[in-house]
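Hello,

Here is the structure I promised to hand over. My notes follow below it.

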Amino acid sequence: RMAAAPPSYCFVAFPPCSKDGLVVFGKNSARPRDEVQEVVYFAAAAHDPGSKVECTYIEIEQVPKTHAVVLSRPSWLWGAEMGANEHGVCVANEAIVTREPASESEALLGMDLVRLGLERGATAKEALDVIVALLEEHGQGGNYYEDGSSCHTFQSAFLIVDRNEAWILETSGKYWAAEKITEGVKCICNQLSLTTKIDAEHPELRNYVRSQGWWNGDSDFNFSEVFSLADDHLACSSGRESLEKQGGDVSAQAMIDVLRDKDSGVCVDSESFLTTASIVSVLPQDPSFPCVHYFTGTPDPSRSIFKPFIFVDDVKLVPKVQSPSFGNDDPAKKIPRFQEKPDRRHELYKAHEWARSLLENDQDKGQKLMRIMLDLEKQGLEAMEDILTRTEILDPAEVVDLFYDCVDTELKFFK
């Protein structure tokens with residue numbers, strides 16, 4: 001039996017289920033407990049013809065222009081667990097297990113495809129097209145974890161969202177199917193969820209599954225039934241229910257509350273896995289308003305602060321949420337890989353470790369600290385709500401160091 005995929009949860013809510021004409025996106029990234037995630041920004045860039053880009057394991061052709069992106073990523077790899085670009089596209093991935101074993105050969109990781117979709121797609125549909133074209137060309141495969149003793153491989157699912165629509169993309173090898181969503185709430189987790197409503201698919205998908213004897217061509221084509229192992233395709237009901245409880249009022253705060261919920265299983269804290277980072281994004285359907293992306297940059301959202309980021313030119317970089325770089329000496333880049341594990345903790349992660357131990361070991365001080373942290377977060381949420389309800393256009397100078405200042409203030413509290 002293949003190893004269980006880490007139980008991450010991704011969500012999207014559309015009006016009228018969400019507040020004020022906003023599309024709300026969220027993800028909890030469940031990963032090995034000790035893995036560090038960093039939050040990194042890459043400016044838009046032009047690239048010379050014929051140039052290459054070095055992904056986690058393989059090098060591929062670069063495109064002439066890449067969009068600005070902000071990413072939350074395990075700091076040993078090139079791609080991302082989740083992130084957004086300057087055009088209001090958000091992408092998150094899920095590791096999934098299908099009846100086809102995932103390839104151990106080094107190719108593109110699901111996380112690389114998240115970043116490539118964001119760098120190259122100005123809409124959700126464009127990002128989807130980028131991801132499936134790259135899958136066709138390069139395939140997916142390679143170790144999902146920084147582990148020299150064993151290769152952990154998975155297939156990939158993606159939630160791809162913009163101001164107008166979302167796509168759920170599920171893959172097995174280079175084969176894929178996708179469903180378009182423009183209303184209601186949707187949750188995807190580490191299991192297949194697409195059934196018979198398929199709005200786009202690999203041109204050879206049905207011929208392939210027929211040739212494998214997985215579908216006879218007579219019954220309705222149900223993607224999950226065809227590709228799941230036995231009875232694995234249960235919808236992520238606990239996640240969706242906790243979001244639906246919010247009624248027609250899914251806001252950034254409501255999404256944060258859902259991501260913090262340990263009882264529902266959405267906030268993972270188990271022997272093997274921890275929610276190592278989280279994101280919530282608010283995408284106004286009116287393009288004259290900016291999108292706001294909240295990142296924790298630290299593990300366990302129930303003990304972390306969601307800090308806002310808005311794309312503007314010359315946005316201030318935040319080294320305190322970036323892990324140290326080991327360049328070509330990085331054990332993730334040397335073959336054989338992962339022979340040792342360097343200390344990848346960034347400054348915020350280290351300070352937050354202290355806070356987590358205080359919360360666990362000293363109830364009075366811990367509760368006091370948590371109140372201060374939540375108060376700080378609330379100020380950020382209220383300031384963003386003000387920006388999203390104003391009539392005048394946002395002055396970029398007002399938010400150029402927004403994320404930087406929030407991280408700085410959080411660090412001061414921990415010190």
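First, a term for the charges: Lys and Arg count as positive and Asp and Glu as negative, while His and the chain ends are not counted. The place of a charge is taken as NZ of Lys, CZ of Arg, CG of Asp or CD of Glu. On that basis the chain has 42 positive and 68 negative side chains. The centres of the two sets lie 4 Å apart.

Please note that this is a predicted model: local features need pLDDT of at least 70, side-chain atom pairs count only at pLDDT 80 or more, and totals for chains, interfaces and linings use all residues. Residues are numbered from 1 along each chain as its sequence is written, and side-chain values use heavy atoms, with hydrogens and water left out.

**The whole chain**

The chain holds nine helices and 18 strands. These are DSSP runs, numbered from the N terminus: helices are H or I with at least four residues, strands are E with at least two. Of the 415 residues, 58% count as buried (under 20% relative accessible area, 1.4 Å probe, protein chains only). The C-alpha atoms fill a box of roughly 60 × 50 × 50 Å, taken along the principal axes.

**One residue in detail**

Alanine 127 sits in helix H2, residues 124-138. Its relative accessibility is 0%, so alanine 127 counts as buried. Leaving aside neighbours within four places in sequence, alanine 127 is in contact (heavy atoms within 4.5 Å) with Val89, Gly117, Gly121 and Ile160. Tryptophan 167 is 40 residues from alanine 127 in sequence and 9.7 Å away in space, C-alpha to C-alpha.

Best wishes

Methods
Buried means under 20% relative accessible area, exposed over 50%, partly exposed in between (1.4 Å probe, protein chains only).
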